[in-house]
Amino acid sequence: MTAAVSLEALERLGAEASLAKPTKRMLVIVNPYATTVSDRLRNLVVYALSGRYEVDSVVTEAQGHATDICREAALEGYDVVVAFGGDGTVNEAVNGLAGSSTPLTCLPGGRTNVYCRMLGIPNDIVDSTEHLLRMVDAWVPRGIDLPRVNDRHFAFSSGVGLDARVVQRVDAHPRLKTRLGEWYFTWTGFSTFMRHYAMRPPGMEVEVDGETVPGVLVVVQKARPYTYFDERPIDVAEGAALHAGDVAAIVLDRAHPVDVPSIVWRAFASRSRMRNHRHIRSWTGLDGLRVRSTDGQLLPIQVDGDYIGEAEEAVYSVMPRGLTVVS
């Protein structure tokens, strides 16, 4: 669907929805820097949603702003908060709504929109707006368990080590990230591994399920898939489920160039499994785990595809019914 057709379709949706009377208060949080979000698109989406909801919208101004806005929205009694952006916007909203009864939903504004797809929301802006309009007639908020690493909640995935370092380097070049998307992640992952991990990998150990395991990469998932490569879902830590009360994890125990082709192949092959690689350990049904540095280097950490910094250790846990969602 072209941009012009999308805008015309949103205008029609707004005109049709305006015949009904709004019944719920909605706050739309917009990331103006998200890949597909423009001022006109934002205005048309708000116009369309206003037919069935009493809509307020706020544009984020800096990193962490969406979290502050969501905390205020929960206190002010909004019936639903919409994260209109990519998965980074969703993550900030999750951290603002954690522990409250205010439901979260989302609209796709990024390139990948993993969490939108997990909630069953279409990845097309017109279809997803129409989905939210219909949602008001089948209003079923539900609580889900919410994972966290140290003091940061995440919606679906987190990584320590190589995974996080790749995200850090990609985020440092937002234009290339927007233009090249998944291919830029792939190239950055390969070059980071060869330059920094194959020669001198960081030392870390993982305390998980009663044992201690050495590693160079840890991925923890609350839901599947880990991400998408275009339309193809990529599974890493199998056994994760959005509505389950636990997480799944994998640990890569060494950084050797000979392992790269087989790991990449397993990520893309529909009949192969990452957990069957001889240098990967996997677990399901976990309520927590701990990752520690063993060589004095700080560990890079990412959540939901956003780099959040470095720490001496990464402690994972799950908050029962920590988030309410509606879709």
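Begin by selecting aspartate 145, which is buried with a relative accessible area of 10%, where buried means under 20%, exposed over 50% and partly exposed in between, using a 1.4 Å probe and protein chains only. The model is predicted, so local features need pLDDT of at least 70 and side-chain atom pairs count only at pLDDT 80 or more, whereas totals for chains, interfaces and linings use all residues. Residues are numbered from 1 along each chain as its sequence is written, and side-chain values use heavy atoms, with hydrogens and water left out.

Arginine 321 lies in strand 18 (residues 313-325) and aspartate 145 in strand 5 (residues 142-149), so the pair ties together parts that are 176 residues apart in sequence. Arginine 321, at a relative accessible area of 52%, is exposed.

Move on to arginine 117 in helix 5 (residues 114-118); helices (H or I, at least four residues) and strands (E, at least two) are DSSP runs, numbered from the N terminus. Arginine 117 counts as buried at 16% relative accessibility, and a polar atom of its side chain lies 3.1 Å from the backbone oxygen of threonine 112. Show glutamate 231 as well, which forms a salt bridge with arginine 117, the closest N and O atoms being 3.6 Å apart. Glutamate 231 sits in the loop between strand 11 (227-229) and strand 12 (232-234), so this pair ties together parts that are 114 residues apart in sequence. Glutamate 231 is exposed, with a relative accessible area of 55%.

Then turn to helix 6 (residues 125-135), where arginine 134 and glutamate 130, being four residues apart, are separated by about one helical turn. These two residues form a salt bridge whose closest N and O atoms are 3.9 Å apart.

Finally, colour the open sheet of six strands, whose order is 14-13-10-7-16-17 with antiparallel pairing; two strands pair if DSSP finds at least two bridges between them. Strand 14 (280-286) and strand 17 (306-311) stand at the edges, each with a single partner strand, so one side of each is left without a neighbour in the sheet. Within this sheet, strand 7 (residues 157-161) and strand 16 (residues 299-303) run antiparallel and are joined by three bridges, and serine 158 stands opposite valine 303 in strand 16.

Technical notes
Polar contact = N/O pair within 3.5 Å; in protein donor to acceptor, adjacent residues only side chain to side chain. Salt bridge = Lys/Arg side-chain N within 4 Å of Asp/Glu carboxyl O.
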